Amino acid sequence: MGQDEEDYKVFLGGDQSGFERLILRYKDGLIQFINRYVRDLYQSEDLAQDVFVEVLLHPERYRKGTSFKTYIYTIGHHRAVDYLRKNARLTYVGTYEEAGEGRAAEVLMQEEALLEEKVIKEEEKKILYHAIAKLKAEYGNALYLIDIAGLSYADTARILKKSEGQIKILIYRARKKLKQKLEEENTPAEKI
């Protein structure tokens, strides 16, 4: 039994400490994932909180044998898409350039601050995140889930509602495009 399953079992037994450990383990990554869609750090934190509230209120919905991380990222994906629909956005912003100069700078500053404080410490990772943010949204989301969040191709396919084959092609193209972006910025991909 994995650590997530053990913590979930403790939670189902009535001990909130198991649930608290799950939150601490996954909240930062979930916020970052949701923020790739909504481009608003505060809203992303609220939506991530909603995900954990849903798990708390409906513990029976989680199926054994499914990765807890995949489960909450799937809920997070749905919450982000619902939020965008409710706010009359037809699609999420694919790149910072599409957001407009003023909003793009604000979003970039918010993301960089969070990344510096909670997720990454090393300069190479900052460069990598910045380059990923310049990719098409579907490339960036797939790269984030596979390479940063560490999910499998199958889990990523479930979250993004694509086949495993589509994800493999998407990751191949995304990595090729990322390498090209890094070379354009004179940052050798091998260095990262």
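Begin by colouring the predicted model by pLDDT, the predictor's confidence in each residue on a scale from 0 to 100: confidence in the protein is lowest in helix H5 (residues 101-119), where the mean is 53, and highest in H3, where the mean is 91. Helices here are DSSP runs of H or I with at least four residues, strands are runs of E with at least two, and both are numbered from the N terminus. Averaged over the protein, pLDDT comes to 79, and 76% of the residues score at least 70.

Next, select residues 89-99, where pLDDT stays under 50 and for which the model has 30 contacts beyond four places in sequence, a contact being heavy atoms within 4.5 Å. Where pLDDT is low, the predicted coordinates should not be read in detail.

Because this is a predicted model, local features need pLDDT of at least 70 and side-chain atom pairs count only at pLDDT 80 or more, whereas totals for chains, interfaces and linings use all residues. Residues are numbered from 1 along each chain as its sequence is written, and side-chain values use heavy atoms, with hydrogens and water left out.

**The whole chain**

Switch to a cartoon view, in which the protein shows nine helices and zero strands, so that the elements, taken from the N terminus on, run α-α-α-α-α-α-α-α-α. Of the 192 residues, 41% count as buried, where buried means under 20% relative accessible area, exposed means over 50%, and partly exposed lies in between (1.4 Å probe, protein chains only). With a surface displayed, the protein exposes about 10,700 Å², of which carbon and sulfur atoms supply 50%; these areas come from the Shrake-Rupley method with a 1.4 Å probe, and for residues only the protein chains shown count as cover. Among the contacts with a separation of 6 or more, 63% are accounted for by residues 24 or more positions apart.

Now show the side chains of Asp4, Asp7, Arg21 and Arg25, which are linked in a network of salt bridges, a salt bridge being a side-chain nitrogen of Lys or Arg within 4 Å of a carboxyl oxygen of Asp or Glu. The structure holds 11 salt bridges. One of them joins Arg25 to Asp4, with the closest N and O atoms 2.5 Å apart; Arg25 lies in helix H2 (residues 16-38) and Asp4 in helix H1 (residues 3-12), so this pair ties together parts that are 21 residues apart in sequence. Arg25 is partly exposed, at a relative accessible area of 35%, whereas Asp4 counts as buried at 16%.

Move along to Arg21, which forms a salt bridge with Asp7 at 2.8 Å between the closest N and O atoms. Since Arg21 lies in helix H2 and Asp7 in helix H1, the pair ties together parts that are 14 residues apart in sequence. Here Arg21 is partly exposed, at 33%, and Asp7 is buried, at 1% relative accessibility.

Which side chain of opposite charge is nearest to Lys69? Asp4 is, at 8.0 Å, and Lys69 is buried yet has no salt bridge; Lys and Arg count as positive and Asp and Glu as negative, while His and the chain ends are not counted. Leaving aside neighbours within four places in sequence, Lys69 is in contact with Asp4, Tyr26, Ala149, Gly150 and Leu151.

**Arg175 in helix H9**

Select Arg175 in helix H9 (residues 164-184), whose side chain meets that of Asp147 in a salt bridge (2.6 Å, N to O). Asp147 lies in helix H7 (residues 137-148) and Arg175 in helix H9, so the pair ties together parts that are 28 residues apart in sequence. Both are partly exposed, Arg175 at 35% relative accessible area and Asp147 at 42%. Not counting residues up to four places away in sequence, Arg175 touches Leu143, Ile146, Asp147 and Tyr153.

**A surface patch**

Finish by selecting Val53, Leu56 and Leu57, which form a nonpolar patch on the surface with about 260 Å² of accessible area together. Patches are made of residues with over 30% relative accessible area and no salt bridge, with like charges joined within 9 Å and nonpolar side chains (Val, Leu, Ile, Met, Phe, Trp, Tyr) within 5 Å. Leu57 lies in helix H3 (residues 41-57) and is exposed, with a relative accessible area of 60%.
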